[in-house]
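User: I've got a model open and want to go through its packing. Can you take my questions as they come?

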Amino acid sequence: MSSTSTTVERAFAAALYADSDAALDTGASLLAADPASDAELACRGEEFVAAAWRRGWQPADVVRIVRRELGDVHERLVAELVLAEAGRDQASRDRAPRDRTPRSPRWAAQLEEIDKFDKFGKFNKIDKPAEPDAGPGTPRTDRFSYATAVLELYRLLLRLPSLEPLDAHVPHPPRASGGTAAPRDTRMLTRIRALLAKAEATGFPEEAEALSAKAQELMARHSIDEALLAARTHAKDAPGACRIGVDPPYETAKAVLLDAVAGANRCRAVWNEALGFSTVVGFEADLEAVELLYTSLLVQATAAMTKAEAAQRAGGRKRTKSFRQSFLAAYAHRIGDRLADAADGQVTATEGESGVAEGELLPVLAARDVAVTDETERMFPDTVTTRMRGVTDAAGWQEGAAAADRAQVRARSPLTRP
């Protein structure tokens, strides 16, 4: 074993398997005293990232948990490790493609998003320690601080629990009659994104309501078209799954909102409170709709809550955490109903179209609902129902319900978590 490997192993033995600051300081001191260990330290980091993939984590999941549990510096470090490991993994796949399970399109999209944020400096920078012979003006970071941050990150990566693997549930795209994959309707998705962006930006509640409703109608239309195409071409289409972050504060209310959006779009959401995300199970077009709409409605809810709080303060009434919790809870419970109304209206409209045979649509949608339920129960055989707590402010509830009526909302099936 080389002296470099010995340094890294000694540092890991001291710091990674103990929780004390003293153990962390010991490991960081060993690394800081041996600049030659940096390359080996980076390689070991990539191994920790690859181990996280084997335990069911995906790139966006790892970056999100690091942001949640540690800090900006660690987020930057893990982003670099994820991208470096992805490059190494792709090279291995190119050499032996038959020996590797293909990654999902979501995986590639997550890497692209991390790379984009990395290139444009969205992750806070951390200057790595300069080499001893670096020229004048080279940014230098205290080696001990750098080594401490790396060990804190590796300690977290090492202890990540196993998750339900998602790549095993990648949906097969509908096939066209000629045997090629059907092109995705990017124009529809672009239009939906534009409508939601306008809903987030407008200062007029009635306009936001109309834009959100129209977006949900288009999402339902897109989902129905995908379902009919898959049925008519006998495509081997199956439910997939994705994870969506549910960040503090007021995580329970946000998880209920996500559950409502998922239910309105023929998906199921299972909340992992400890790790800060929900796993949404559904067909690909529906998963895209849930991601887009949940993000937009959260922005709209936050803006409406801020405005309502300002009005309450102007009236001389002090509003606190209870007001905000009650506001978001009411918003979440009302939004699903309104979204479901828009989606059901689209189903009714589609059934009346001349291109859809009588009695064709409902069996297709029912079969998909059964497939999503079966897949959810297979992935999560044991779940419990979570109750909303802390909803005690009547004014907050009323304001949240009113905001939901302006933006499109409703409660669906009970929120569950593993």
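User: What does Val-290 touch, leaving out residues up to four places away in sequence?
Analyst: This is a predicted model. In it, Val-290 touches Ile-244, Leu-258, Val-261, Ala-262, Asn-265, Cys-267 and Val-280.

User: Which residues have the most contacts inside the largest nonpolar core?
Analyst: Ile-192, Val-280, Val-290 and Phe-327. That core has 44 residues.

User: Which elements give two or more residues to this core?
Analyst: Helices H8 (186-201), H9 (205-232), H10 (251-264), H11 (284-314) and H12 (321-351) do. So do strands E1 (240-245) and E2 (268-272).

User: And which gives the most?
Analyst: H11, with 11 residues.

User: How many residues are in the other core?
Analyst: 40. Among them are Leu-31, Leu-111, Ala-149 and Val-150. This core lies apart from the largest one.

User: Switching to helices. At what angle do H10 and H11 pack?
Analyst: About 140°, with the axes 9 Å apart.

User: Left-handed or right-handed crossing?
Analyst: H10 passes H11 in a right-handed crossing.

User: Which residues make the contact?
Analyst: From H10, Lys-254, Leu-257, Leu-258, Val-261 and Ala-262. From H11, Val-290, Leu-293, Tyr-294, Leu-297 and Leu-298.

User: How many are nonpolar, polar or charged?
Analyst: The contact of H10 with H11 has 9 nonpolar residues and 1 charged. No polar residues take part.

Technical notes: Residues are numbered from 1 along each chain as its sequence is written. This is a predicted model: local features need pLDDT of at least 70, side-chain atom pairs count only at pLDDT 80 or more; totals for chains, interfaces and linings use all residues. Side-chain values use heavy atoms; hydrogens and water are left out. A nonpolar core is a set of buried Ala, Val, Leu, Ile, Met, Phe, Trp, Tyr and Cys residues joined through side-chain atoms within 4.5 Å. Buried means under 20% relative accessible area, exposed over 50%, partly exposed in between (1.4 Å probe, protein chains only). Helices (H or I, at least four residues) and strands (E, at least two) are DSSP runs, numbered from the N terminus. Contact means heavy atoms within 4.5 Å. Axes are lines fitted to C-alpha atoms, for helices over the stretch in contact, and angles run from 0 to 180 degrees between N-to-C directions. A crossing is left-handed if the near helix is turned anticlockwise from the far one by less than a right angle, and right-handed if clockwise. Ala, Val, Leu, Ile, Met, Phe, Trp, Tyr, Cys and Pro count as nonpolar, Asp, Glu, Lys and Arg as charged, and the others, Gly among them, as polar.
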